[in-house]
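Dear colleague,

I am passing on the structure we spoke of, together with some notes on what was found in it. Please read the notes with the structure open beside them.

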Amino acid sequence: MRIQQIRNATLKIEYGDVTFLIDPWLQDKGCGFSASTIIPEMAGIHNPMNDLPMPPEEILQGIDYCLVSHVHPDHFTPDYLPKDMKFIVQNADDKEKVQAYGLEQVVVLEQEMAFEHMTLIKTAGTHGDNPAVSLAMGKVSGFLFQGESKQLYIAGDTVFTEDVKKILVKYNPEVIVLNCCAATLPRGRLIMNLDDVGAVCKLYRDSTVIATHLDSVNHATLSSKDIRQYAQDNHLEKLIVPHNGEWIA
């Protein structure tokens, strides 16, 4: 297994003999949405806040499938995506949204999907720290990769809940990817914060935890620097915060 941090929650994953692009947000810097934020100096800044670490054509090289956890503008835009790319989405609503961009090869991951040497399993998430926020943000999913390599769990845009804990207990994945910039709107927090990351790391000390969804959106309240400092202060040697463009084997 190899994982490349691209930008935000966009990852390139080589798992067995299949290469996935996760949550493709290849939009040019500053050309996207601006979120409501609780940090006044970040108000009005358009996302993504940083450039891609390499040209889009290099990122797209060798991709077998594009895996979309949910169709929010910091997880999916059609920029630079080939019309013939194969997409896997969480439900029929997201399939319709992706196809609206002229991207026709879209299938829904109902619960699990078998490949030659691996299985992809859809997992649940809660996109907000209170019911009003999670309802407004809508349905989101994570993914579990099972096969010849170690098990990989991508939690997706979720806070740490009992449902997430149940997934971790059931599968005990060796590698865990957490979206953890603690993005926060005036009405509430959307994804994991330091407490959530710490809870996962302490429960699964033998697992490698990869922190992602960092440094790219204007409603983030945590940075990669914050997570690295937290890992150092708490002696969490297996908490990794990759730089954009970096590969982790």
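This is a predicted model: local features need pLDDT of at least 70, side-chain atom pairs count only at pLDDT 80 or more; totals for chains, interfaces and linings use all residues.

N218 belongs to the loop between β14 and α6, and because its relative accessibility is 0%, N218 counts as buried. If neighbours within four places in sequence are left aside, the residues in contact with N218 are S34, A35, T37, M42, G44, I45, N47 and M49.

The loop between β14 and α6 also holds S216, which has 0% relative accessibility and therefore counts as buried, the limit being under 20%. Although S216 and N50 are 166 residues apart in sequence, their C-alpha atoms are 5.9 Å apart in space, and the side chains of S216 and N50 are joined by a polar contact of 3.2 Å. Not counting residues up to four places away in sequence, S216 touches R7, N8, W25, N47, P48, M49 and N50.

Strand β14 covers residues 208-212, and five of its five residues are buried. The side chains divide between two directions: T208, I210 and T212 point one way from β14, while V209 and A211 point the other way, and all of them are buried.

Which strands pair with β14, and in what sense? Strand β11 (residues 175-179) runs parallel to β14 and is joined to it by five bridges, with V177 having I210 as its bridge partner in β14. Strand β15 (residues 239-240) also pairs with β14 in the parallel sense, over two bridges, and here V209 stands opposite L239. Between β14 and β15 the chain passes through helix α6 (residues 224-233), and this β-α-β crossover is right-handed.

**The sheet as a whole**

These strands belong to an open sheet of seven strands, in the order β7-β8-β9-β10-β11-β14-β15, whose pairing is mixed. The edge strands, each of which pairs on one side only, are β7 (112-114) and β15. An antiparallel pair is found in strand β8 (residues 118-124) and strand β9 (residues 141-147), which are joined by seven bridges, and in that pair I121 stands opposite L144 in β9. As for the helices, α5 lies across β11, β14 and β15, and runs at about 170 degrees to β11.

**The nonpolar cores**

The largest nonpolar core has 38 residues, and those with the most contacts inside it are Y153, I176, L178, I227 and L239. Two or more residues of this core are given by each of the elements α3 (131-137), α4 (162-171), β11, α5 (194-203), β14 and α6, and the largest share, four residues, comes from α4.

With best regards

Conventions. Residues are numbered from 1 along each chain as its sequence is written. Side-chain values use heavy atoms; hydrogens and water are left out. Buried means under 20% relative accessible area, exposed over 50%, partly exposed in between (1.4 Å probe, protein chains only). Two strands pair if DSSP finds at least two bridges between them. A crossover is right-handed if, with the strands pointing away from the viewer, the path from the first strand over the helix to the second runs clockwise. Contact means heavy atoms within 4.5 Å. A nonpolar core is a set of buried Ala, Val, Leu, Ile, Met, Phe, Trp, Tyr and Cys residues joined through side-chain atoms within 4.5 Å. Axes are lines fitted to C-alpha atoms, for helices over the stretch in contact, and angles run from 0 to 180 degrees between N-to-C directions. A polar contact is a pair of N or O atoms within 3.5 Å; within protein, one must be able to donate a hydrogen and the other to accept it, and residues adjacent in sequence count only if both atoms are side-chain atoms.
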